[in-house]
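Take the chain as a whole before turning to single residues.

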Amino acid sequence: MIATMNFFKWFGDKFTFLNQSYQRFITWFVEHQRRNLLVIFGIFMLEAVSVTILVSVVPRPSNIPSTPLNTPMPFGSMNKSATLTKSSFNPKNGVLELHYRIANGGDSKNQFVDINNIYFTAIADTKGRKVKGYYIPTSNNTMVVKFTNLSPKFNVVTVTAHDKNINTNQIDAPNNASAIASSSSATKASKAETNQGKFTVNRDKVSYSNTLRDASQRTLTIDEYQDKIANQNEVIGKNKQAIASYQKAIEQQTDTIKDLEKQQVNTTDSSLQTSIENARTSITQIRSQISEARNNIGNAKTKVESYEATIKQVKKGHSQLPKTKEI
């Protein structure tokens with residue numbers, strides 16, 4: 001009971017102290033009301049100015065989703081697709097490189113595409129700078145879209161792929177007047193549904209490189225073919241590893257057959273012969289896979305030789321690719 005009374009007494013003393021402190025603060029605030037209001041107003045103004053400066057100085061992330069790398073995007077009316085394979089930005093010189101692979105019918109393995117009638121348009125966040133954009137063919141199925149003098153604080157760049165090749169299946173040649181209205185509405189609907197291969201690239205999603213330079217078409221082409229050679233060398237290496245594993249598998253199956261044949265001597269179990277035949281069939285299948293892997297290596301080596309020859313021609317200035325064009 002005494003402890004309870006002491007607690008209420010302590011609480012009352014604290015409440016009285018806080019109340020007296022509050023009353024003294026109110027008295028002081030009223031006595032210096034004008035000055036205090038000016039100070040409060042000044043604090044709010046300083047915060048507003050600080051926020052404004054931060055908003056204009058600090059780069060803001062874009063709220064538009066960025067197109068993921070290695071995602072094929074169909075475009076045009078000839079069933080082509082473009083895939084953004086690499087994006088790199090140098091904030092020091094404002095160079096942004098967007099590497100694209102073009103394919104027919106979504107077939108990313110197709111090495112030959114008619115790129116003469118493929119072009120790109122773009123909308124860039126210039127922030128008052130004189131930004132230039134180019135689309136640069138670098139091989140029979142790749143292009144680089146390049147921007148120069150881009151602000152290091154740019155938020156987003158939108159690039160759209162187009163195909164000028166004519167799809168004759170979409171040409172309308174009506175045989176009577178009544179067919180014109182229906183075909184016209186169908187044509188408008190098909191055009192509206194055509195995917196124009198739009199790519200959105202945010203600043204916070206690109207790879208940063210302080211060594212990226214404003215490279216020429218010749219340099220970009222050589223780099224592209226060197227990448228192709230590196231990819232084919234990887235194919236060769238993977239297939240060589242596969243062949244080694246296949247050969248080890250054949251050895252295992254051969255040992256299994258020998259073991260089963262030894263067991264046959266002491267038994268009349270017919271299932272052993274079935275197991276032996278299955279192992280022999282497996283060896284035949286593995287040898288077929290080895291043959292396929294060797295073909296893969298041969299094809300990759302042929303491509304490497306072709307790419308190396310192309311690099312030599314490009315270095316001599318004998319490129320057959322379309323020239324760089326400004327967006």
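Of the 327 residues in the chain, 31% are buried. Buried means under 20% relative accessible area, exposed means over 50%, and partly exposed lies in between (1.4 Å probe, protein chains only). This is a predicted model, in which local features need pLDDT of at least 70 and side-chain atom pairs count only at pLDDT 80 or more, while totals for chains, interfaces and linings use all residues. Residues are numbered from 1 along each chain as its sequence is written, and side-chain values use heavy atoms, with hydrogens and water left out.

The chain holds five helices and ten strands. Both are DSSP runs, numbered from the N terminus: helices are H or I with at least four residues, strands are E with at least two. The accessible surface of the chain is about 21300 Å². Carbon and sulfur atoms account for 54% of that surface. Such areas come from the Shrake-Rupley method with a 1.4 Å probe, and for residues only the protein chains shown count as cover.

Contacts tell how the chain is tied together. A contact means heavy atoms within 4.5 Å. Take the contacts between residues at least 6 apart in sequence: 73% of them join residues at least 24 apart.

Now look at the helix pair. Helix α4 spans residues 217–264, and helix α5 spans residues 271–315. Their axes come within 8 Å and cross at roughly 165°. Axes here are lines fitted to C-alpha atoms, for helices over the stretch in contact, and angles run from 0 to 180 degrees between N-to-C directions. The crossing angle therefore makes α4 roughly antiparallel to α5. The cut-offs are under 35 degrees for roughly parallel, over 145 for roughly antiparallel and 65 to 115 for roughly perpendicular, with the rest oblique. The crossing of α4 and α5 is left-handed. A crossing has that hand if the near helix is turned anticlockwise from the far one by less than a right angle, and is right-handed if clockwise.

What residues make up the contact of α4 with α5? They divide into 24 nonpolar, 16 polar and eleven charged. Ala, Val, Leu, Ile, Met, Phe, Trp, Tyr, Cys and Pro count as nonpolar; Asp, Glu, Lys and Arg count as charged; the others, Gly among them, count as polar.

Arg287 sits in helix α5. It is exposed, at 53% relative accessible area. The C-alpha atoms of Arg287 and Ile243 are 9.3 Å apart, although 44 residues separate the two along the chain. Past α5, His318 lies in the loop between α5 and β10 (325–326). His318 is partly exposed, with a relative accessible area of 45%. Its C-alpha is 10.0 Å from that of Arg218, 100 residues away along the chain.

Turn to the loop between α2 (33–57) and β1 (73–75), which holds Asn70. Thr67 is found in the loop between α2 and β1 too. Is Thr67 buried or exposed? Thr67 is buried, at 14% relative accessible area. Neighbours within four places in sequence aside, Thr67 contacts Leu84, Lys198, Phe199 and Thr200. Asn70 is exposed, at 51%. Asn70 has a positive phi of about 60°, though it is not a glycine.

Asn79 lies in the loop between β1 and β2 (80–90). Its phi is near 65°, a positive value in a residue other than glycine. Asn79 counts as exposed, at 53% relative accessibility.

Finally, find Ile115 in the loop between β3 (95–104) and β4 (118–124). Ile115 is buried, at 5% relative accessibility. Beyond neighbours within four places in sequence, its contacts are Pro137, Ser139, Asn140, Met143, Leu321 and Pro322. Ile115 and Asn141 are 26 residues apart in sequence, and 7.1 Å apart from C-alpha to C-alpha.
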